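Please look over the structure shown here with attention to its aromatic side chains and to one of its sheets.

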Amino acid sequence: MLHRHTRAPAALGAAAVATAALLVAGLSGSASAGSAATDHARTPAADALRPDTAPPGLLTAMERDLGVDRAQAERRLVNEAEAGATAGRLRLALGGDFAGAWVRGAESGTLTVATTDARDVRAIEAQGARAAVVAHSLAELDAAKARLDRVAQRKGSTAVPVWYVDVRTNKVVVQAGRASAGHALLAAAGVDRSLTRVEKSAEQPRALYDLRGGDAYYMGSGGRCSIGFPVTRGTQQGFATAGHCGRAGTTTSGYNQVAQGTFQGSVFPGRDMAWVATNANWTATPYVKGAGGQNVQVTGSTQAPVGASVCRSGSTTGWHCGTVQQHNTSVTYPEGTITGVTRTSVCAEPGDSGGAYISGSQAQGVTSGGSGNCRSGGTTYFQPINPLLQNYGLTLKTNGGGEEPPPPGGGTWAAGTVYQPGDTVTYGGATYRCLQAHQAQPGWEPPNVPALWQRA
């Protein structure tokens with residue numbers, strides 16, 4: 001957790017306390033996906049997910065942190081949008097054989113989809129992706145990791161700070177200061193060693209403590225965090241942030257020290273999610289604070305694939321970018337174990353906690369914690385936004401479809417609902433199956449977004 005304690009604005013430069021949390025208020029084989037950034041309008045995924053809304057400041061940060069030029073950054077966002085949709089279609093088609101997917105290359109131009117059955121190779125390649133035949137399905141790896149999660153919740157795992165499903169190596173990776181500690185956790189969970197790899201690591205993650213995503217806010221009890229994403233709950237406005245920033249009832253003031261709101265719900269440890277309801281002086285906007293204070297539009301919450309670019313906004317270090325390394329990661333902080341977070345190569349420092357992670361124009365999550373810093377580099381973890389929205393019944397503030405109800409179509413599809421891959425809905429007399437995790441919004445009715453829904 002990256003968290004900075006403060007007494008007043010003048011004390012913002014003070015050192016973080018020991019708990020230092022970060023608190024602050026395409027495709028290979030598919031020419032149409034990656035041939036040019038301007039091609040995005042001709043791809044259904046890019047048309048729906050709007051990578052063209054990325055402002056110059058976001059692209060500049062991608063150039064700096066990912067080592068790409070402007071044209072590559074633009075093409076990368078288009079390719080990543082298309083890769084997510086293709087991977088979603090193949091996940092449904094492969095069923096229990098599916099073993100994960102990831103992108104690679106400076107422009108994320110190569111999508112690889114893994115399967116446990118060699119007979120699936122032709123179907124994968126027909127979608128413009130590369131195929132990898134592996135020993136274990138994603139469901140098998142997820143089940144093994146879940147056993148580690150349960151043991152860690154019961155017995156603790158301070159000697160084993162991180163474990164995750166690594167789809168690129170088809171293993172559950174356990175990182176520990178001492179290899180023996182990692183093996184002991186595996187033995188206690190009864191996990192088959194053939195599914196795992198133990199890595200020695202000196203990483204010591206901590207939470208990042210210290211209504212636009214990335215702006216600072218202050219807790220009444222002291223400390224500074226960053227706003228994640230503005231949200232609404234009915235007519236109530238507020239923002240999503242990290243659970244370690246405050247408990248239910250904790251009051252907040254804004255970046256300008258003006259009274260702001262109150263934490264309505266908070267989960268930490270276990271997960272790292274919370275939301276703050278703000279008073280009438282604050283208005284939720286569909287923006288995240290970008291480089292130089294520019295507004296970065298938020299148009300949805302479609303989950304980015306492994307290997308995709310992701311940028312973070314925080315009140316200490318501002319804009320920094322990196323890539324998604326693993327989903328479904330567990331990490332142990334001094335306060336306890338957090339499960340279901342996403343591991344990234346983005347740096348962060350105390351005061352950035354709670355801040356926004358965004359891929360293109362798609363909200364990804366709120367900063368939880370990490371290790372390292374933005375001078376020498378580091379690893380950070382974010383709480384995915386969709387489970388947070390679902391847990392508290394919140395609606396992400398976007399400029400994608402406004403607040404008007406969708407046109408009549410009938411059926412079970414509903415704006416504001418968080419859908420996961422494989423979920424089925426009816427709309428307009430037809431049945432659709434979800435391809436990518438997202439929160440539904442007006443304008444994203446199933447017939448309109450083939451990147452998110454496939455007719456069953």
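The report below turns to aromatic pairs and then to a sheet.

## Aromatic pairs

This is a predicted model, and the count of aromatic pairs in it comes to seven. Among them is the pair of Tyr217 and Phe263, which is tilted, with 6.4 Å centre to centre and 55° between the planes. Because Tyr217 lies in strand β9 (residues 216–219) and Phe263 in strand β14 (residues 259–267), this pair ties together parts that are 46 residues apart in sequence. Both Tyr217 and Phe263 are buried, and together with Phe239 they form one aromatic cluster.

Another pair, formed by Tyr255 and Trp282, is edge-to-face, with 6.2 Å centre to centre and 85° between the planes. Here Tyr255 lies in the loop between β13 (251–254) and β14, while Trp282 lies in the loop between β15 (273–278) and β16 (287–289), so the pair ties together parts that are 27 residues apart in sequence. Tyr255 counts as partly exposed because its relative accessibility is 49%, whereas Trp282, at 8% relative accessibility, counts as buried.

## An open three-stranded sheet

Three strands, in the order β26-β27-β29, form an open sheet with antiparallel pairing. Since β26 (424–427) and β29 (453–455) stand at the edges and each has a single partner strand, one side of each is left without a neighbour in the sheet. From one strand to the next, the twist averages 40°.

Strand β27 (residues 430–434) pairs with β29 in the antiparallel sense over three bridges, and Tyr432 stands opposite Arg455 in β29.

Note on methods. Residues numbered from 1 in each chain as written. Predicted model: local features only at pLDDT ≥ 70, side-chain atom pairs only at ≥ 80, totals over all residues. Heavy atoms only, no water. Phe/Tyr/Trp six-rings, centres within 6.5 Å; stacked < 30°, edge-to-face > 60°. Helix = DSSP H or I, 4+ residues; strand = E, 2+ residues; numbered from the N terminus. Buried < 20%, exposed > 50% of the residue type's maximum accessible area, 1.4 Å probe, protein only. Pairing = 2+ DSSP bridges. Axes fitted to C-alpha atoms, helices over the stretch in contact; angles between N-to-C directions.
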